[in-house]
Amino acid sequence: MLKNMFKKTYTIIDTKYKSQKKEEEPSIPQGLWRKCNKCGQPIYVEDVTNNFYVCPKCGGYFRVHAWRRIEMLMDEGSFEEWDADMEFSNPLDFPGYEKKVQAAKERTKLNEAIVTGKGRISGQETAFGVCDARFLMSSMGHIVGEKIARMVERATAGKLPVIIYACSGGARMQEGLVSLMQMAKTSAALKKHHDAGQLFISVLTDPTTGGVTASFAMLGDIILAEPNALIGFAGPRVIEQTIRQKLPEGFQRSEFLLAHGFVDKIVERKDQKEVLAQLLRLHRQDAGMDMSGESVTEPLMEGNAFSLEGQEKKGRRREKNGGKPSAATEGKTAWDTVQLSRAAGRPVATDYIEMIFDDFVELHGDRYFSDDGAIVGGIAAFCGRPVTVIGQQKGKNTKDNIRRNFGMPSPDGYRKALRLMKQAETFRRPIVCFVDTPGAFCGLEAEERGQGEAIARNLFEMASLTVPVLSVVIGEGGSGGALAMAVANEVWMLENAIYSILSPEGFASILWKDSKKAPNAAEVMKITATDLYEKGLIEQVIPEEEPASEDNLQVLAGIMQKKMKEFLIKYEAMAPDEIAGQRYQRFRNI
């Protein structure tokens, strides 16, 4: 009896406590909190919305509806939809297909799995298409293909760039071969757009798979991706079932594709509008050099006027004296110059790129196998003029040198460089190359992937480029590995740079069977800037009153900037065929 009385009293107290606790707890409106499907944590909906639909706890990306994406990227009120209503058809009379599509229309309030039209991004007009995964997983049926083809054709006729946000499970099974043919149709429309010299930016989001990956999504002149997006032709489940193996972590994700050379850049959602606007500005057809003398990088010379003036006078003396050694080079041996060209503190390609150019956007990958860290390249502005900039890149410390392979490019690096050069020709951009390599990488894997062919292909294709090409040797110019970036209208060298058939050590080993005779080899090889200028093998020497370093980087960049402007004014006054013809004669006369 006593036990029952205690039990009854406990029940009353417990009930009152629970009731009081419930009253004290804040009332949470339905829909205010959601569970993240990436990390499983509860997240505040408003926080997610304000964070561009990215989980604030784990950084996971949520899929974004088509109109939400337009709202995030397009200038307010600027978007005009094209082909909003297109009549449905069932090409295979597939059972239940019409009901499935109708249900998707009602659920999403969309006519199909893609919205197309035109609008402005930070004032830059562009054709724009965005896939919506809510509509049959944004699979590509004939209406999706038709909307893309019509958008691209209108953009080509109107000289507009095209941006497409891809998100798809692939071809639409209910339409069979008709769906498959959309891969060819969209690709053909984009080829005409490309041949007309118009820009296509493809943005890959989660997921981009199947026939969409194997067509328009991977044909961008520039391919961007959102972080950790699933991108691949065959889905991971299909691959695992086929090969009966567990796939590695991160396989087929954006980062995997970047490392393997298929994506130019991974861009976080919060930065996408800014990056797209920047790329559109750099591809404006009316962009041209500012001939007023005002330069986008003019501030870099402030406070260095006296030093810069002295360097320019020294450069003029050199030209007047036929490239004879200046006071700074008198008494210096060729081996001294070799040592200076390799000095640890010598500025590398990216140092000059940052100093001389504005708005540099680095682009990655060869579109075949890899992204080689020994080659950096992308698009930048010079005096308001878009240019393509490519450099052979050494590291600044041991870790960086390992990542950059000590500035020795692989075949993938040369193919990346050539891809960017061909892209520059499509958009009529001058090309500036910074040469700084001991030579092409000669490892086993380089030979397996065709090092010789990659270098030869660069020489072959660069010979006929119809845009101006300038190459500047800023450190070591080693053998064919350097020449693959120096088939140019003009080749310049910094005063303490070298350009040679191979390293002095290699030369001494081959001819004299003794690498210790490298200093003697350097002398007889005639590899210094002064030697090569006197022999007519290079056009200009950039003077170094003191050896190139961080301390005088601004001065050297200022001299280069002034001379580059003169170079562009000279060559952009020439017809495309004249530019290619001049380059041919330059090498023909050697």
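## A tour of salt bridges and a helix crossing

Begin by selecting Arg342, Lys394, Asp436, Glu476 and Glu505: salt bridges link these residues into a network. Keep in mind as you look around that this is a predicted model. With the whole structure searched, the count of salt bridges comes to 34, and the next stops pick out a few of them.

**Stop 1: Asp132 and Arg134**

Select Asp132 and Arg134 and show their side chains. The two meet in a salt bridge, with N to O at 2.9 Å. Arg134, in contrast, is partly exposed, at 28% relative accessibility.

**Stop 2: Asp400 and two arginines**

Next, go to helix H14, which covers residues 398-403, and centre the view on Asp400. Which residue forms a salt bridge with Asp400 at 3.3 Å between the closest N and O atoms? That is Arg403. Along H14, Arg403 and Asp400 lie 3 residues apart, so about one helical turn separates them.

Now select Arg404 as well. Arg404 also forms a salt bridge with Asp400, and here the closest N and O atoms are 3.6 Å apart.

Is Arg403 buried or exposed? Its relative accessible area is 54%, so Arg403 counts as exposed, the cut-off being over 50%. Asp400 is at 14% relative accessibility, which means that this residue counts as buried, the limit being under 20%. Arg404 and Asp400 are both buried.

**Stop 3: where H13 meets H22**

For the last stop, colour helix H13 (residues 349-356) and helix H22 (residues 553-572) and hide the rest. Their axes come within 9 Å and cross at roughly 65 degrees, so H13 and H22 are roughly perpendicular to each other.

Then show the side chains at the contact:

- From H13, select Asp351, Tyr352, Met355 and Ile356.
- From H22, select Leu553, Gln554, Leu556, Ala557, Met560, Gln561 and Met564, which the H13 residues meet.

How do the residues of this contact divide into nonpolar, polar and charged? There are 8 nonpolar, 2 polar and 1 charged.

Notes
Residues numbered from 1 in each chain as written. Predicted model: local features only at pLDDT ≥ 70, side-chain atom pairs only at ≥ 80, totals over all residues. Heavy atoms only, no water. Salt bridge = Lys/Arg side-chain N within 4 Å of Asp/Glu carboxyl O. Buried < 20%, exposed > 50% of the residue type's maximum accessible area, 1.4 Å probe, protein only. Helix = DSSP H or I, 4+ residues; strand = E, 2+ residues; numbered from the N terminus. Axes fitted to C-alpha atoms, helices over the stretch in contact; angles between N-to-C directions. Parallel < 35°, antiparallel > 145°, perpendicular 65-115°, else oblique. Contact = heavy atoms within 4.5 Å. Nonpolar A, V, L, I, M, F, W, Y, C, P; charged D, E, K, R; others polar.
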